[in-house]
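Have the viewer open as you read.

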Amino acid sequence: MQKMDLYGHTDIVNELLARYGVKFGIYKNNEFKEQLFPFDAIPRIIGNHEFAYLEKGLKQRVTALNLFIQDIYGDKKIIRDKVVPEEFVYASSGYLAQCEGVAAPQGIHAHIAGIDLVQGKNGEWYILEDNLRVPSGASYPMIARELCRRSSPRTFQEYHIEDNRNYARMLRKVMDHVNTGGHTVILTPGRYNAAYFEHSYLAEKTGAHLVTGSELIVDNDHLYFKDYSGRMEPVGAVYRRISDEYLDPMNFRRDSVIGIPHIYDIYRKGNVALINAPGNGVADDKGIYYFVPKMVTYYLGEEPILQNAPTYLPFYEDDMRYVLENFDNLVLKDVAEAGGYGVVFGNKMTKQQKEDFIALLKKEPRRFIAQEVIDFLDIDIMDEGKEVPRKADLRAFVLMGEEPMVWKSGLTRFSRNPDSFIVNSSQGGGFKDTWVLSQ
Amino acid sequence: MKELHFLYEMNLAFDRPVEKHRFTLKCVPCSSSRQEISKLTVEVFPKEFLSTDEDSFGNYCIYGYSEGMHDHFSVRVEGRAKTGLAAWEPAREEHCIGMYKYQTDYTKPGPAITAFAGRFTFAPDMSGYDRALAYMRELHERFSYVQGVTDIHTTAEEAMAQGEGVCQDYSHILLSLCRMEHIPARYVVGMLMGEGLSHAWVEVYSGGRWIALDPTNNLVVDDQHIRISVGRDYGDCTINQGIFVGQTTQTQEAKVLVEEIYSPE
């Protein structure tokens, strides 16, 4: 591929991103640090046909996941029919008994899904992870695209790329679809949250109010926004960027000071929409991941279009045997961890570590999954003026409104370290824009 | 079968006034196949608004808000209950049993409970109910009722390790033992005949029905208990939960009075 005019603007775009406050906050050793999220100008380019295939597969997957969440907190047919063993549901930290029997407005639980994929060297795409709680990341390619257009308009005349500025419109459509009557707000824990930039950016782009918990109040079974003058405005939809545990101290963690007391009680009555619905963690648990292709077949009667990375559940005896025999070729993941933590590679352990790990695995087989290490298709990044190959994944965004919609862009994250497979932004990676060609 | 008059009273006193007080109360018994509730009155003071709902465990909840400054908060529930109408409770919805099969933070077993469970060998055809009964009998032998040595945060394992506790601890231990045997079991909060505090016991699911066992008193529940709420553990059944704004020290006084009503006939 010829060098794009855009590449020459990398530094300027990064400077602008810094000036706009595109930062990633992380807590390390109890200290809050903000770091820049380094942008690499070489886009990931996905062809029109290839994306159409991904789009179809992603819609199918998220539709099935949404049906699964409905079913788990309702009739539990999938457990009764023994497609998913019940211990994977009830022992999951994402399962919330408080959600039993609670109907989400319009039946939508997974309004915004961030589905992580990787492409193998064989060109095949694999799903690595489903994120159905509060997936973040859409704002980064949105603002990067905007800044790139400004710095190098020529590039965008030469290439025919799907415009990704429609994300805000899609999001607004979803929020309006489930709104029970009243304003739409984006609830942020505040500026010390890792994704605060995103909260404020999405509020600006969708026209929703950006609020903190103390500005929302439950009164007479309805939710209100209390403005500076004390006036109360009804709220019908809350795109909440705080996790389930902290949402409502009267129903979840009692020590939460960022939540809204009794918001869950009025949600249960159908008087406000929560985006995403509480309890979704039961469907994006790494243990449940194994069963997602089976859900597609079970609920939709279709063959899954997109595949999981080959995964083994030590919970099943056959799989345990395979894992022990092929330990060095596998990556093991703790189902309760996220953000690239709790991931270990069999071949990178010392003898002692291996023995300890296997003992733990035998003791708590449900706690781990094992996956084949996928031979990623590397993509190029600019490193001190040179193009060098690095591991990268793609977070695709699927929004569930009246029907599922896939955003024709996505967040491509890469590892800066040539030997690392872990691309999570919380571990110091960078990002790229994702271009979907329009023809 | 008995007809009982019950009264539940709770008073919270704050040494300095508080405001913006939000509360959720699970203190009202409901009719079921075992008990029939009538002549119910509920008073909550002070309050800006009160609302009611049923939670995911099927419990009747009252929730509300007292915005202004207040230095006390009181709840009074009074009514009549016909008890002992059936020996067991049918499962309301079969698919809601699953969550009662798994341990929670309160019931997770450790060495003490595992050692206790290791003393039992059951015939494979023995029902869940009979196993639970065997556990209860043995627990009653080996665990002592002592007030003040545990608190609301004590787990089953901690209580078992020290060998003493109150009804909450007896119940959490029995839940832990049942769940180790994959017997669905749930925590119950309610009132017991006589005068005192609220009581806790256990329901085990066996043969398609919930059967109530009171491990503190080593008995199968008959007509002396009035059930208020159920859940996976104490945390799901908190009678009074509240948050407010203010720097204060609160003192809670709660009283339960249950007396038999003798009909003239």
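Start with the interface: chain B and chain A bury about 2,300 Å² between them, and carbon and sulfur atoms give 50% of that area. Three residues deserve a look on the chain B side, namely B:R22, B:H95 and B:Y102, which supply 26% of the area that chain B buries against chain A, more than any other three residues. Keep in mind that this is a predicted model. In terms of contacts, 27 residues of chain B touch 27 residues of chain A.

Now for the polar side of things. Between chain B and chain A there are 16 residue pairs in polar contact, counting pairs with both residues at pLDDT 80 or more. Which elements of chain B give two or more residues to the side that touches chain A? They are β1 (2-25), β3 (49-54), β4 (60-66) and β15 (240-245). Of these, β3(B) gives the most, with five residues. Sorted by class, the chain B side that touches chain A has nine nonpolar, eleven polar and seven charged residues. As for charge pairing, two salt bridges turn up across the interface of chain B and chain A. One to zoom in on joins the side chains of B:K101 and A:E86, at 2.7 Å from N to O.

Is B:H70 buried or exposed? At 8% relative accessibility, B:H70 counts as buried. What does its side chain pair up with? There is a polar contact with the side chain of B:H21, at 2.9 Å. A polar atom of the B:H70 side chain also lies 2.8 Å from the backbone oxygen of B:G68. Leaving aside residues up to four places away in sequence, B:H70 touches B:F14, B:P17, B:V18, B:E19, B:H21 and B:P46, so B:H21 shows up here as a contact within 4.5 Å too.

Definitions and conventions: Residues are numbered from 1 along each chain as its sequence is written. Chains are lettered from A and ligands numbered from 1 in the order in which they are written. This is a predicted model: local features need pLDDT of at least 70, side-chain atom pairs count only at pLDDT 80 or more; totals for chains, interfaces and linings use all residues. Side-chain values use heavy atoms; hydrogens and water are left out. Buried area is the accessible area (1.4 Å probe) that two parts lose on being put together, summed over both. A salt bridge is a side-chain nitrogen of Lys or Arg within 4 Å of a carboxyl oxygen of Asp or Glu. A polar contact is a pair of N or O atoms within 3.5 Å; within protein, one must be able to donate a hydrogen and the other to accept it, and residues adjacent in sequence count only if both atoms are side-chain atoms. Helices (H or I, at least four residues) and strands (E, at least two) are DSSP runs, numbered from the N terminus. Ala, Val, Leu, Ile, Met, Phe, Trp, Tyr, Cys and Pro count as nonpolar, Asp, Glu, Lys and Arg as charged, and the others, Gly among them, as polar. Buried means under 20% relative accessible area, exposed over 50%, partly exposed in between (1.4 Å probe, protein chains only).
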